[in-house]
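Thanks, everyone. Let me put the structure up, and then we will walk through it piece by piece.

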Amino acid sequence: MSQKKINKDTLKNRDGVSNEEITNKAAIAKLKAKRKESTSAESLAKAIIQGDTIALSQAITLIESTNISHTEKANEILALCLPHANNSIRIGITGVPGVGKSTFIETLGSHIATKQNRLAVLAVDPSSSVTKGSILGDKTRMENLVNNQNVYIRPSAAGTSLGGVARKTRESIILCEACGFKTIFIETVGVGQSETAVHSMVDFFLLLKLAGAGDELQGIKRGIIELADAIVINKADGETIKTAEKAKVEFNRALHLYPPKQNGWIPKVMLASALENRGISNTWELIENYISEAKKSNYFIAKRTEQNKFWLHQTIEDQLKSNFYQNDTIKKELQQQLRLIEQNKTTPFAAAQHLLSLASTLL
Ligand code: GDP
């Protein structure tokens, strides 16, 4: 049997068109239309809302695509899913490579994921195209979760621009929520600005730290501590327990130096061993208490509204920038202005003014 024939037969089997029909051009057109319909924005959105994770993955792939027709389709799906989103809690988890993020997510995830509380794990890792996905790339590190029917794991979107990766993750969150996931973990690795981006898309931000290695407070970027709603000192097991307890006292002292959060919350420090499943249920209890307090005081909603406003500005900025730098005329003129700067024939301000007024006629 020829390859062509096999393919036709496969089509027939999948779509229930008879053998005679398959030889007919009209039938093939009918098949194509059927296929298109089954992956149309409407049908994908419908499947997502019914909890279909294959449709969810297909839609996230569209979100991640740079193809314009894919983006348009993704936008249609998002619009259809949006009314079904929002009903979840979003938790950001960050920490340097090796701190135990995957192990922690695996242990905590196994502890909380149930049929009623389905868990989605996403990642923001703008460096992933370089490091080939340093986080979530290796799913074998989360073996139990991968095999858990109530868990959906999506490795990081590829891309080097944080703005792009962050947008894709935010949109993926909406689809996961529409698909019925009640808890969303967003993992990010402690590099660059990714924590700030993740912080602005989650309800609770968790920083994983290691005890020991001498001066704990030296090694922390002040900015990240400021973002944390809780610090979990991981690997508090074996011989590390004592140093971990000491670190807890130091972190607590340090946290009091920061102004309290908008809702009056003072970040908590916890000890845990992701490997030995200790301190994990306490951490989850803390998160649940925080969320229920935040909901009672309406801070939960207010924060999400603020985040949406932030993302509106962010999207405009990203879009304007990308339109500007991708315009061919501007690209050429920019090179010319850079040369003039090298020759000391213009100033950065004058060059920028020139380019921006050119942009206003083009964009
Ligand atoms: P990630 O890079 O932050 O995702 O870290 P991993 O979860 O891959 O963990 C890095 C290493 O630390 C692995 O060898 C883990 O087995 C180990 N590890 C993770 N959590 C713990 C823990 O609680 N205690 C101990 N002793 N080792 C841990």
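Predicted model: local features only at pLDDT ≥ 70, side-chain atom pairs only at ≥ 80, totals over all residues.

Where does Thr169 sit? It is found in helix H10. And what does Thr169 touch? Leaving out residues up to four places away in sequence, its contacts are Leu122, Ala123, Val124, Ile186 and Met201.

Now step back to helix H10 itself, residues 162-178. H10 lies across strands S1, S2, S3 and S4. Against S2, helix H10 runs at about 170 degrees.

That brings us to the sheet. It is open and has seven strands. Reading across, the order is S3-S2-S4-S1-S5-S6-S7, and the pairing is parallel. Which strands stand at the edges? Strand S3, residues 151-153, and strand S7, residues 268-271. Each of these two has a single partner strand, so one side of each is left without a neighbour in the sheet. On average, neighbouring strands here are turned by 20 degrees against each other, direction ignored.

Strand S2, residues 119-124, runs parallel to S3, and three bridges join the two. Along this pair, Leu119 stands opposite Val151 in S3.

Another helix packs on the sheet: H7, residues 101-112. Helix H7 touches S1, S2, S4, S5 and S6. Its direction makes about 175 degrees with that of S4.

First comes H6, residues 68-81. Helix H6 has 14 residues and reaches 20 Å from its first C-alpha to its last, close to the 20 Å expected. Which residues of H6 are buried? They are Ala74, Ile77, Leu78 and Cys81. Seen down the axis of H6, these fall within an arc of 100 degrees, so they line one face of the helix. On the other side of H6, the exposed residues are Ile68, Glu72 and Ala79.

Buried in H13 are Ala244, Ala247, Phe251, Ala254 and Leu255. They cover an arc of only 90 degrees around the axis, which puts them on the same side of H13. Turned away from that buried side are the exposed residues Lys242, Lys246 and Arg253.

Now the whole chain. The secondary structure comes to 17 helices and seven strands. Of the 363 residues, 44% are buried. Among contacts with a separation of 6 or more, 73% come from residues 24 or more positions apart.

Last, confidence. The chain averages a pLDDT of 85, and 83% of the residues score at least 70. Which elements mark the two ends of the scale? Helix H8, residues 128-131, has the lowest mean pLDDT, 48, while helix H16, residues 328-342, has the highest, 97. Over residues 1-6 the pLDDT is below 50, and beyond near neighbours in sequence this stretch has three contacts in the model. Residues 129-134 also stay under 50; there the model has seven contacts beyond four places in sequence.

That's the tour. Thank you.

How values were computed. Residues numbered from 1 in each chain as written. Heavy atoms only, no water. Pairing = 2+ DSSP bridges. Helix = DSSP H or I, 4+ residues; strand = E, 2+ residues; numbered from the N terminus. Axes fitted to C-alpha atoms, helices over the stretch in contact; angles between N-to-C directions. Contact = heavy atoms within 4.5 Å. Expected span 1.5 Å × (residues − 1). Buried < 20%, exposed > 50% of the residue type's maximum accessible area, 1.4 Å probe, protein only. Arc of directions from axis to C-beta. pLDDT = per-residue confidence, 0-100.
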